[in-house]
Amino acid sequence: MIRTLTGVAQATGLLLALATAAFAGEPLKIATSAGPVGQLVQFAAGLAKSKGIDVKVIELTDWVAINEAVYSGDVDANLFQHGNYLALQNKQRGLNLVQVDKVGVIAPVGLFSKKIKSLDEIKSGDSVAIPNEPLNGARGLILLERAGLIKLTPGKGFSVSKLDITDNPKNLKIVELDPAQTYRSLDDVTLALVNITYLIAAGGDPKTALIVDRTIDDGLVLRFTAKPEKKDDPRLKAFIEVFKSPQVKQFIEEKLPAFIPAGFNS
């Protein structure tokens with residue numbers, strides 16, 4: 001075990017040395033989403049700087065633009081998306097981006113309301129907002145089914161849509177909105193599916209969720225993403241080794257308590 005840990009430490013040190021020597025003065029550029037994930041990347045970038053790795057963090061609000069920035073070469077990698085979303089974007093937009101490492105974080109989704117305190121208070125004809133983006137929209141529908149409010153066509157997983165609602169006993173009105181708008185819609189709708197990433201950025205409290213989906217699914221882990229020819233960039237590898245550190249995991253657990261660390265060394 002000691003010999004193994006020594007080998008890991010030596011490999012990490014070699015990556016850091018290569019990155020520092022080969023790319024001195026040329027920052028690694030990482031695109032990320034504004035909000036808690038951006039805070040996480042900024043924290044890791046601060047740690048990296050202390051080890052001689054210069055990381056420039058670019059925060060964007062447009063999820064499509066974050067991938068386009070990587071594909072065009074404007075940035076070296078991004079951190080904001082899970083594998084399910086990446087696969088959909090690659091298919092729909094003709095991209096060829098790949099995940100770089102197993103380390104990452106899961107951002108749960110939940111059903112929130114400003115009008116009711118319990119799902120038992122849902123009335124006939126109430127409106128429910130879900131993201132108009134297929135994967136998170138599907139997560140919303142699945143969570144509604146888990147809450148006992150609707151039934152869906154079985155076996156479709158994250159490919160379900162409104163058309164797959166087979167039973168809607170309360171005649172809920174499903175409203176599809178931009179993912180960033182579902183939290184703001186709580187003044188108008190009874191219930192909304194909100195990604196914790198957007199919730200925290202808007203000042204919401206994850207503890208107020210009526211029900212939260214904390215599913216541990218490999219396809220839902222937000223991971224570093226790059227072009228295939230960039231995934232072995234020694235600067236990126238060195239930064240990811242810093243990201244895997246106990247300090248970053250502790251930051252997630254203390255500063256982003258709704259998030260779930262994944263793929264860390266310990």
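This is a predicted model: local features need pLDDT of at least 70, side-chain atom pairs count only at pLDDT 80 or more; totals for chains, interfaces and linings use all residues.

A: Happy to; what follows starts at the core and its helices, then moves on to some individual residues.

**The core and helix 2**

The largest nonpolar core has 44 residues. Those with the most contacts inside it are Ile30, Val55, Phe239, Phe243 and Phe259. Helix 2, which covers residues 36-50, supplies the largest share of this core, with seven residues. In soluble globular proteins, nonpolar side chains tend to be buried together.

Setting aside neighbours within four places in sequence, Val55 is in contact with Leu28, Ile30, Ala45, Ala48 and Phe239. Apart from this core lies another one, made of 20 residues, with Leu111, Ile116, Leu119 and Leu152 among them.

Now turn to Val57, in strand 2 (residues 55-60). Its relative accessibility is 15%, and Val57 therefore counts as buried, the cut-off being under 20%. Val57 and Val41 are 16 residues apart along the chain, and their C-alpha atoms are separated by 7.2 Å. Beyond its neighbours within four places in sequence, Val57 is in contact with Ile30, Thr32, Val41, Gln42 and Ala45.

**Helix 2 against helix 7**

Two packed helices are described by the angle between their axes and the distance between the axes. For helix 2 and helix 7 (residues 234-243), the angle is about 105° and the axes are 9 Å apart. The two helices are therefore roughly perpendicular to each other, since angles of 65 to 115 degrees fall in that class. On the helix 2 side, the contact is made by Leu40, Val41, Ala44, Ala45, Leu47 and Ala48. Helix 7 brings Phe239, Val242 and Phe243. By class, the contact of helix 2 with helix 7 has nine nonpolar residues, no polar and no charged. Phe239 and Phe243 have already come up, as residues with the most contacts inside the core.

**Helix 3 against helix 4**

Helix 3 (residues 63-72) and helix 4 (residues 83-93) pack at an angle of about 75°, with their axes 12 Å apart. They too are therefore roughly perpendicular to each other. Trp63, Val64, Asn67 and Glu68 of helix 3 meet Tyr85, Gln89 and Arg93 of helix 4. By class, this contact of helix 3 with helix 4 has three nonpolar, two polar and two charged residues.

Tyr71 is also found in helix 3. Its relative accessible area is 34%, so Tyr71 is partly exposed. Not counting residues up to four places away in sequence, Tyr71 touches Gly94, Leu95, Asn96, Leu97 and Lys227.

**Buried side chains with polar contacts**

Gln81 sits in strand 3 (residues 77-82). At 2% relative accessibility, Gln81 counts as buried. The side chains of Gln81 and Thr225 are joined by a polar contact of 3.4 Å. Leaving out residues up to four places away in sequence, Gln81 touches Asn67, Leu86, Val221, Leu222, Arg223 and Thr225.

Asn136 lies in helix 5 (residues 134-146), and at 5% relative accessibility Asn136 counts as buried. Its side chain makes a polar contact of 2.8 Å with the side chain of Glu133. Not counting residues up to four places away in sequence, Asn136 touches Trp63, Val109, Pro131, Leu193 and Asn195.

Ala129 is found in strand 6 (residues 127-131). With a relative accessible area of 0%, Ala129 is buried. Ala129 and Val175 are 46 residues apart in sequence and 4.6 Å apart in space, C-alpha to C-alpha. Beyond neighbours within four places in sequence, Ala129 is in contact with Val175, Leu177, Ser185, Val189, Leu191, Ala192 and Leu193. Leu193 is also one of the residues that Asn136 touches.

One last stop is Asn171, in the loop between strand 8 (165-167) and strand 9 (173-177). Most residues other than glycine have a negative phi. Asn171 has a positive phi of about 50°, although it is not a glycine.

Key: Residues are numbered from 1 along each chain as its sequence is written. Side-chain values use heavy atoms; hydrogens and water are left out. A nonpolar core is a set of buried Ala, Val, Leu, Ile, Met, Phe, Trp, Tyr and Cys residues joined through side-chain atoms within 4.5 Å. Buried means under 20% relative accessible area, exposed over 50%, partly exposed in between (1.4 Å probe, protein chains only). Helices (H or I, at least four residues) and strands (E, at least two) are DSSP runs, numbered from the N terminus. Contact means heavy atoms within 4.5 Å. A polar contact is a pair of N or O atoms within 3.5 Å; within protein, one must be able to donate a hydrogen and the other to accept it, and residues adjacent in sequence count only if both atoms are side-chain atoms. Axes are lines fitted to C-alpha atoms, for helices over the stretch in contact, and angles run from 0 to 180 degrees between N-to-C directions. Angles under 35 degrees count as roughly parallel, over 145 as roughly antiparallel, 65 to 115 as roughly perpendicular and the rest as oblique. Ala, Val, Leu, Ile, Met, Phe, Trp, Tyr, Cys and Pro count as nonpolar, Asp, Glu, Lys and Arg as charged, and the others, Gly among them, as polar.
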